[in-house]
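Work through the following exercises with the sequence and the model side by side.

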Amino acid sequence: MNFLTRHINRQELSIVWVSLFIMVTGNFSFFGRVLDIYPLSLANLPFLASVFVLFFAATLFVLNLIVFSRAGKWVLAFVLFASAAAGYFMDTYGAMIDADMLTNMLQTNTSETLDLLSWPLVLRLAFLGILPAWLMVRYSKPNRGFWVGARSKAWLALLSLVLMACAIAPLTSHYATFFRAHKSVRFYANPTFYIYSVIKLGRETLKDNTPVPMKPTATDSKMVSQGGPHKLTILVVGETARADHFSLNGYPRNTNPELEKIGVLSLKNMWSCGTATAVSVPCMFSDLPQKAFDIGDAKNRENALDVLKRLGVQVLWRDNNSDSKAVALRIEFQDYKKSPPNTHCDSECRDVGMLVGLQDYINKHANKDILIVLHQMGNHGPAYYKRYPKQFEKFTPVCKTNELAQCSQAQIINAYDNAILYTDHFLAKVIDLLKANDDKYATTMAYLSDHGESLGENGLYLHGAPYAFAPDAQKHVPAVLWFGKNNRYSIDQFKRFEDKRFSQDDLFCALLLRFDVETSECKVDQLGTER
């Protein structure tokens with residue numbers, strides 16, 4: 001302590017105390033996962049102590065880099081508040097605050113944000129975020145003079161590096177295993193990982209903003225008429241549904257009673273591009289495969305809907321979710337998240353409301369091929385109990401709070417499955433609409449969820465985990481097909497593909513092939529193969 005007071009000045013002392021405060025109050029998830037790997041015992045105690053020292057020192061080093069001058073106390077105040085929020089979401093939902101998660105948070109609308117509010121969140125932000133942030137602004141003082149501050153920051157940087165070296169050096173074999181075999185654990189380090197994620201997202205957002213011309217895709221594409229009636233296809237983009245909770249895929253609960261009666265094909269081995277809407281939705285419509293996909297580039301690149309519009313298909317996007325994630329920027333977009341135009345609204349606007357007036361739209365464009373995309377609210381969490389009307393509450397008791405940790409896993413699953421049951425009803429209504437047009441069109445319904453969801457398995461909830469570490473529950477998604485009588489193919493002909501592995505990478509070509517588009521980018525035999 002004498003060293004600190006002699007060599008470390010006011011602002012850097014504030015960094016030390018803030019780092020220690022966050023390590024103690026904001027890292028329950030991080031240390032909980034460390035203890036899962038290295039249980040508390042006499043043998044593991046030296047390594048556990050060194051982990052604390054290492055990440056404390058890393059926090060000192062990072063904050064020392066970003067906190068300076070008179071603005072320093074405001075930066076520390078923000079870090080205190082943000083760390084309290086990050087700690088809550090990591091502890092409550094098992095969330096990892098990476099760049100994709102931050103992007104998803106920035107694109108979340110007001111109703112989705114309200115679903116996350118709870119008294120435990122408010123109290124945590126108040127006592128571990130707002131109060132210490134206020135104390136920091138009120139009592140922290142900047143250093144006296146530039147050189148005094150520079151010398152102090154140099155000493156703190158040196159101290160941080162020495163502490164890190166002392167923590168690692170005696171236990172290098174432990175750390176070699178820890179960092180190589182348990183990479184995902186450090187994603188819970190608060191605040192270092194979310195600060196890294198903020199910087200990464202900022203760098204991607206602020207990179208060269210010079211307007212980029214729209215890059216065309218499938219430039220050799222052309223429509224090859226096969227004769228017969230015009231095509232009418234409705235693509236339903238689902239939200240947060242997981243494949244293993246569809247009874248069509250063998251789930252023991254009957255969550256698809258209406259679809260089972262209709263006779264549909266379920267593609268049981270479908271995988272998503274990402275684990276969050278902000279990534280999966282633009283990725284599934286892109287010609288780029290998941291491994292090469294970049295959100296920023298996608299905004300300046302034609303997607304499947306752009307290609308079809310260019311070739312004369314009438315394309316419409318109706319949205320009962322947050323938005324199209326930039327997919328529908330150049331086609332007709334209709335927002336059905338509010339009333340009007342959605343006439344099926346109670347506690348929130350329902351997906352079936354997107355069907356209202358759709359027949360009039362079809363009639364208006366009777367002389368063209370039509371593609372309609374319906375973007376569901378679906379199973380968006382954590383308030384699953386809000387995602388369906390009361391009459392669909394078949395599985396009880398249900399979790400009726402957004403504080404999922406307060407409910408049993410059975411209650412969470414009940415609410416989630418009721419929302420799947422409502423999606424089943426919605427898809428049946430979509431098929432009814434298509435059947436009413438079956439004499440005039442070659443009709444098709446396709447359903448594909450954007451990503452899956454964790455429901456408490458291994459303490460993980462919701463979605464948005466880094467793709468490489470995300471469980472299958474967040475990546476294995478349901479996909480359902482229905483064909484009308486005027487299609488060249490029948491459901492029976494496609495049965496042989498129900499267990500074939502597909503991914504959202506296949507949607508781009510599937511849509512183009514559906515509308516008889518020929519292009520060197522897409523061949524039937526390429527579907528289901530890695531690109």
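**Exercise 1.** Are α2 and α8 roughly parallel or roughly antiparallel to each other?

*Solution.* The model is a predicted one, in which local features need pLDDT of at least 70 and side-chain atom pairs count only at pLDDT 80 or more, while totals for chains, interfaces and linings use all residues. Residues are numbered from 1 along each chain as its sequence is written, and side-chain values use heavy atoms, with hydrogens and water left out.

Begin with the axes: those of helix α2 (residues 10-25) and helix α8 (residues 119-139) come within 12 Å and cross at roughly 175 degrees. Next apply the cut-off, by which angles over 145 degrees count as roughly antiparallel; α2 and α8 are therefore roughly antiparallel to each other. Finally, list the contact (heavy atoms within 4.5 Å), which is made by Ser-14, Val-18, Phe-21 and Thr-25 of α2 together with Arg-124, Leu-128, Pro-132 and Met-136 of α8. By class, this contact of α2 with α8 has five nonpolar, two polar and one charged residues.

**Exercise 2.** Determine the strand order of the open sheet of seven strands and identify its edge strands.

*Solution.* The order is β3-β12-β8-β2-β7-β5-β6, with mixed pairing, where two strands pair if DSSP finds at least two bridges between them. The edge strands are β3 (265-266) and β6 (332-335), each of which pairs on one side only. Within the sheet, β5 (residues 314-319) and β7 (residues 370-375) pair in the parallel sense over six bridges, and Trp-317 stands opposite Val-373 in β7. Helix α17 (residues 409-435) lies across β2 (230-238), β7, β8 (441-449) and β12 (479-483), running at about 165 degrees to β8.

**Exercise 3.** Classify the ring pairs Phe-30 with Phe-31 and Phe-285 with Trp-317.

*Solution.* Rings of Phe, Tyr and Trp (its six-membered ring) pair if their centres lie within 6.5 Å, and planes under 30 degrees apart count as stacked, over 60 as edge-to-face and the rest as tilted. A search of the whole structure finds 22 aromatic pairs. For Phe-30 and Phe-31, the centres are 5.0 Å apart and the planes stand at 70 degrees, so the pair is edge-to-face. For Phe-285 and Trp-317, the centres are 5.6 Å apart and the planes stand at 55 degrees, so the pair is tilted. This second pair links distant parts of the chain, with Phe-285 in helix α13 (residues 277-285) and Trp-317 in strand β5, 32 residues apart. Both Phe-285 and Trp-317 are buried, that is, under 20% relative accessible area with a 1.4 Å probe and protein chains only.

Terms used: Axes are lines fitted to C-alpha atoms, for helices over the stretch in contact, and angles run from 0 to 180 degrees between N-to-C directions. Helices (H or I, at least four residues) and strands (E, at least two) are DSSP runs, numbered from the N terminus. Angles under 35 degrees count as roughly parallel, over 145 as roughly antiparallel, 65 to 115 as roughly perpendicular and the rest as oblique. Ala, Val, Leu, Ile, Met, Phe, Trp, Tyr, Cys and Pro count as nonpolar, Asp, Glu, Lys and Arg as charged, and the others, Gly among them, as polar. Buried means under 20% relative accessible area, exposed over 50%, partly exposed in between (1.4 Å probe, protein chains only).
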